[in-house]
Amino acid sequence: MSYYTNIAAAYFEQKEYHKCIEQCEKAIEVCRENRADFKLISKAFAPVKFYSEAVKRNPSEPKYYSNRAACYTKLAAFDLGLRDGILYGLDF
């Protein structure tokens, strides 16, 4: 986003207002996309905290490891998901 706003500022200084507005619109679009990505990440991260607490309370329950591994996979934290899979007892 800052890339586009910096370009827009340069156009503004050059009094090329139409190009400035175009760059600002691109910055807004990027910001909206990033916001949507962060919403998805936060939705996936919340259950990780829940399952981590469940594992602490009952480390012998394999369902908690499996579910937390699935959450890690959604977050693209494959190493953590693999670790939980190993703790869960999956044979890779």
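A salt bridge is counted where a side-chain nitrogen of Lys or Arg lies within 4 Å of a carboxyl oxygen of Asp or Glu. In this predicted model, aspartate 84 and arginine 68 form such a pair through their side chains, with an N to O distance of 2.5 Å.

The secondary structure of the protein consists of 4 helices and 0 strands, and the order along the sequence is α-α-α-α. The radius of gyration is 22 Å, whereas the globule rule gives 12 Å for 92 residues; the value is well over that figure, so the protein is more spread out than a compact globule. The C-alpha trace spans about 65 × 25 × 15 Å along its principal axes. Of the 92 residues, 22% are buried. When contacts between residues at least 6 apart in sequence are considered, 25% of them join residues at least 24 apart.

Helix α1 covers residues 2–13 and contains 12 residues. From its first C-alpha to its last, helix α1 reaches 16 Å, close to the 16 Å expected at 1.5 Å a residue. After α1 comes lysine 15, which has a positive phi, near 60°. Helix α2 covers residues 17–57, contains 41 residues and reaches 60 Å between its first and last C-alpha atoms. This span is close to the 60 Å expected for α2 at 1.5 Å a residue.

Helix α2 also contributes buried positions. Its buried residues are Cys20, Gln23, Ala27, Val30, Ala44, Val48, Tyr51, Ser52, Ala54 and Val55. These buried residues of α2 pack against α1 and α3. Although glutamate 22 and tyrosine 11 are 11 residues apart in sequence, the distance between their C-alpha atoms is 9.9 Å.

Arginine 68 is found in helix α3 and counts as buried because its relative accessibility is 8%, which is under the 20% limit. With neighbours within four places in sequence left aside, arginine 68 is in contact with Val48, Tyr51, Ser52, Val55, Arg83 and Asp84. Among these contacts, Val48, Tyr51, Ser52 and Val55 are also listed with the buried residues of α2.

Salt bridges were then considered across the model, and the count comes to 4. Aspartate 84 takes part in a further salt bridge, with arginine 83, in which the closest N and O atoms are 3.5 Å apart. Aspartate 84 has a relative accessible area of 0% and is therefore buried, whereas arginine 83, at 38% relative accessibility, counts as partly exposed. Through shared partners, the salt bridges join Arg68, Arg83 and Asp84 into one network. Another salt bridge links the side chains of lysine 19 and glutamate 16, at an N to O distance of 3.2 Å. Lysine 19 counts as partly exposed at 40% relative accessibility, and glutamate 16 likewise counts as partly exposed at 29%.

Finally, the cysteines were inspected for covalent links. A disulfide is a covalent bond between the sulfur atoms of two cysteines. The number of disulfides in the model is 0. For cysteine 31, the closest cysteine sulfur is that of cysteine 24, at a distance of 12 Å, which is too far for a bond; the limit applied is 2.5 Å. Cysteine 31 is partly exposed, at 36% relative accessibility, while cysteine 71 is buried, with a relative accessible area of 10%.

Technical notes
Residues are numbered from 1 along each chain as its sequence is written. This is a predicted model: local features need pLDDT of at least 70, side-chain atom pairs count only at pLDDT 80 or more; totals for chains, interfaces and linings use all residues. Side-chain values use heavy atoms; hydrogens and water are left out. Buried means under 20% relative accessible area, exposed over 50%, partly exposed in between (1.4 Å probe, protein chains only). Helices (H or I, at least four residues) and strands (E, at least two) are DSSP runs, numbered from the N terminus. The expected span of a helix is 1.5 Å times one less than its number of residues. The radius of gyration is taken over C-alpha atoms; the globule rule is 2.2 Å times the number of residues to the power 0.38. Contact means heavy atoms within 4.5 Å.
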